[in-house]
Amino acid sequence: VMEHVGGVPLTTYAEDHDLGLDARLDLLTQVLEAVQAAHRQLVVHRDLKPSNMLVSETESGPQVKLLDFGIAKLLDASLPVTQPQTRTGQHLMTPAYAAPEQVAGDEITTATDVYQLGVLAYELLAGIRPFELSGKSLTEIEQILLDTVPRDPSEADGGDGVDPSQIRGDLDTIVMKALRKEPGRRYRSVEALAADLARYWAGEPVEARPATFRYRARKFVSRNRTVVGVSALVVLLGLAYAVTVTVQANRLAAQRDRARTQAAKAEQVSDFLVNLVGDTDPYATDGAGGEELRASTGMDRGRERHDERHQTERDERADQCHLAVP
């Protein structure tokens, strides 16, 4: 007797409950964990689709159950199990979720499940499948699955998923890596896919993207907004303080230079007056006519002595310069 499993298909549940991004990623994570468990038992499901993933309500929240291993493949052919019988040339697959190697009749590996999980993730996030295959012949379907690269989930038209701006970037990259045509270019395992999804959820750099400095710096800032904000504020305050101190120091230096200039001018005036008054006898005669020395004559003599003194100082400096030259 088969156990009856109640629940709603994964994508139907997400649409009916109008789930946001975090809730959808939580359901996807549960699916990844279930498929990982199957792979640990060397079982490839190869028919991963929403109708085989039923969601039921539990006390701890929505719970996903993975069903229908009817066309599953055992990676260890030596195990004594009954394999499904098929007609020659008939492929075991659901076209809308089939991997390119299933269509081409190539080897089925865990990478096949990775691709189908990529299709599921695309539909869960964008609200539409990567390819519209309804009404197309088997030949057309094969050509599309083998040769056509779908748009990024955030660029998909007609979907009813989450806001495209929430998908754009890392989630686009994760899903598109899982959907690579070549099995060797996809995630090496479902565990690696789940790990990258966990990195995205934690705000860390994902392995599917090139580890550029700019990308890693942006992810660091997004994870540490408070710390980065406080640090930036401290730096700005420090710069403002440094600018203020520099401006104040320059202002004081300019004031000091002006004071020195004024002092030098005052000293020159003082020297002139001392020479004029100190060396001139107002009661002396001019020596020629016997007349008293006039004030203007004293001024002229004082000016001459002042000029002579400065000329002497310039000559001494010039002599010192000549002596310094070898």
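Q: What makes two strands count as a pair?
A: Two strands pair if DSSP finds at least two bridges between them. Keep that cut-off in mind as we look at this predicted model.

Q: How do you know that strand 1 and strand 3 pair?
A: Strand 1 and strand 3 (residues 53–58) are joined over two bridges, in the antiparallel sense. The cut-off is at least two bridges, so they count as a pair. One place to look is P9, whose bridge partner in strand 3 is L54.

Q: What makes strand 3 and strand 4 a pair?
A: Here there are six bridges, again in the antiparallel sense. With at least two needed, strand 3 and strand 4 therefore pair. T58, for example, has G61 in strand 4 as its bridge partner. The two strands form a hairpin, with two residues between them.

Q: Why is one side of strand 1 and of strand 4 left without a neighbour in the sheet?
A: The open sheet has three strands in the order 1-3-4. Strand 1 (8–9) and strand 4 (61–66) stand at its edges with a single partner strand each, so one side of each has no neighbour in the sheet.

Q: Which strands does helix 2 touch as it packs on the sheet?
A: Helix 2 (residues 21–40) touches strand 3 and strand 4, and its direction makes about 35° with that of strand 4.

Q: How do the residues lining the largest pocket divide into nonpolar, polar and charged?
A: Seven are nonpolar, one is polar and four are charged. Among the lining residues are F131, S134 and R151.

Technical notes: Residues numbered from 1 in each chain as written. Predicted model: local features only at pLDDT ≥ 70, side-chain atom pairs only at ≥ 80, totals over all residues. Heavy atoms only, no water. 1 Å grid on protein atoms, 1.4 Å probe; cavity = no way out; pocket = protein on both sides within 12 Å on 5 of 7 lines; lining within 4 Å. Nonpolar A, V, L, I, M, F, W, Y, C, P; charged D, E, K, R; others polar. Helix = DSSP H or I, 4+ residues; strand = E, 2+ residues; numbered from the N terminus. Contact = heavy atoms within 4.5 Å. Axes fitted to C-alpha atoms, helices over the stretch in contact; angles between N-to-C directions.
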